[in-house]
Amino acid sequence: MQAFDEGKIFLDKISREIKIEPQDWMPEQYRKTLIRQMSQHAHSEIVGMLPEGNWITRAPSLKRKAILIAKVQDEAGHGLYLYSAAETLNITREEMIGQLHAGKAKYSSIFNYPTLTWADIGAIGWLVDGAAIMNQVPLCRCSYGPYARAMIRICKEESFHQRQGFDILFTLSNGTGAQKKMAQDAINRWWWPSIMMFGPNDDASPHTKQSMDWKIKRFTNDELRQKFIDVCAEQVKVLRLTLPDEKLKWNDERKHYDFGDIDWEEFRNVVNGNGPCNKERMDARIRAHKEGEWVREAAAAHAEKIKLRQQKAVA
Ligand code: FAQ
């Protein structure tokens, strides 16, 4: 009887746009869905530092280097807010990281592609951060309070990231012929993986319906992908470059751009661990975690010392 009432209160809150907070009753499946999505999101931010980190030492100027360092540092911050927000659901950061390292938790497919030239940093900012913003702005209205609040700051920072990426590509496309070619090549390689970031088509997405009913997701994968394509199809004109899709064409009836077929075979391969850089990314994460062990131990010992000192002062 009690669970029934609690279930009704929960659904009533969802329907009235009242946030669910950590101390509130929630269905077990709602909690599990959030842990899955939020931890995958946090892992994506942390693994997502790797492709860009690769270019910090080779950025073409001191200014670009400083901007890139700040961006990569922001991604670390996003990962930490998201791990903290997920911890309110009764799971520890250690458990989540353990799941990632054991291959039991996913991270975004996009970070399994290599960054071959400096223009890739522009393409990541414009396209990858652009796709991330399209997906994440609606998450600021997610029904779970800690996730929604974490997303507000994250989105502000992602917006800066997207603009810096566009600025890199704009500079290259207005540079020498070789620079323009490099920018076009990066867009050609990152375009299709970026639109795969939104996940499978709605009819192949097992989680979308329930997550929409619970207002965790506010738009479906296909709705967000279409919005993103519509925006990029216009922005690429400002760059005086093109998107690598011959079928990309404005459809006046639909008031959207039509686009070509997505290679779902490639998507499945990358998600299942067989993308160009999956092994490299996981090896780098696991190595960094092992090498950081002494830092975690020292921080814990320091925190314990401070706690004892405070207890003595009170006694
Ligand atoms: N990659 O039923 P759905 C960023 C999985 S952050 C890998 O549609 P859902 C910032 C999905 O998890 C980018 N796996 O699932 C940055 C599920 O697997 P499971 C990350 C994917 O959850 C920028 C299965 O397929 N953003 O870029 C992908 O309803 C630059 C079935 O899929 C977020 O995580 C994929 N692309 O919808 C950092 C945003 N797509 O768990 C550095 C939050 C789907 O059953 C540099 N997450 N899968 O084994 C979401 O909005 C959702 O979780 C979706 C997937 C839309 C990603």
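Predicted model: local features only at pLDDT ≥ 70, side-chain atom pairs only at ≥ 80, totals over all residues.
View 1. A polar side-chain atom of R36 is placed 3.0 Å from an oxygen atom of the ligand. For K106, the distance from a polar side-chain atom to an oxygen atom of the ligand is 2.4 Å. The side chain of N135 also takes part, with an N or O atom 2.9 Å from an oxygen atom of the ligand. On its own, the ligand has 1100 Å² of accessible area, of which the protein covers 90%.

**View 2. The shell of residues around the ligand.** Two or more residues of this shell are given by each of α2 (28-47), α4 (62-87), α6 (119-136), α7 (145-173) and α11 (264-274). Helix α2 supplies the largest share, 6 residues. Of the 35 residues around the ligand, those that come nearest are Q40, K106, H207, K217 and N221. Sorted by class, the shell contains 13 nonpolar, 13 polar and 9 charged residues.

**View 3. The buried side of helix α5.** Helix α5 spans residues 93-101, and its buried residues are M96, I97 and L100. These residues lie on the same side of α5 because they cover an arc of only 95° around the axis. The cover over the buried residues of α5 includes α2, α4 and α12 (278-291).

View 4. Just after α5, G103 adopts a positive phi of about 75°.

Methods:
Residues numbered from 1 in each chain as written. Heavy atoms only, no water. Near = heavy atom within 4 Å. Polar contact = N/O pair within 3.5 Å; in protein donor to acceptor, adjacent residues only side chain to side chain. Areas by Shrake-Rupley, 256 points an atom, 1.4 Å probe, with all protein chains shown as cover. Helix = DSSP H or I, 4+ residues; strand = E, 2+ residues; numbered from the N terminus. Nonpolar A, V, L, I, M, F, W, Y, C, P; charged D, E, K, R; others polar. Buried < 20%, exposed > 50% of the residue type's maximum accessible area, 1.4 Å probe, protein only. Arc of directions from axis to C-beta. Contact = heavy atoms within 4.5 Å.
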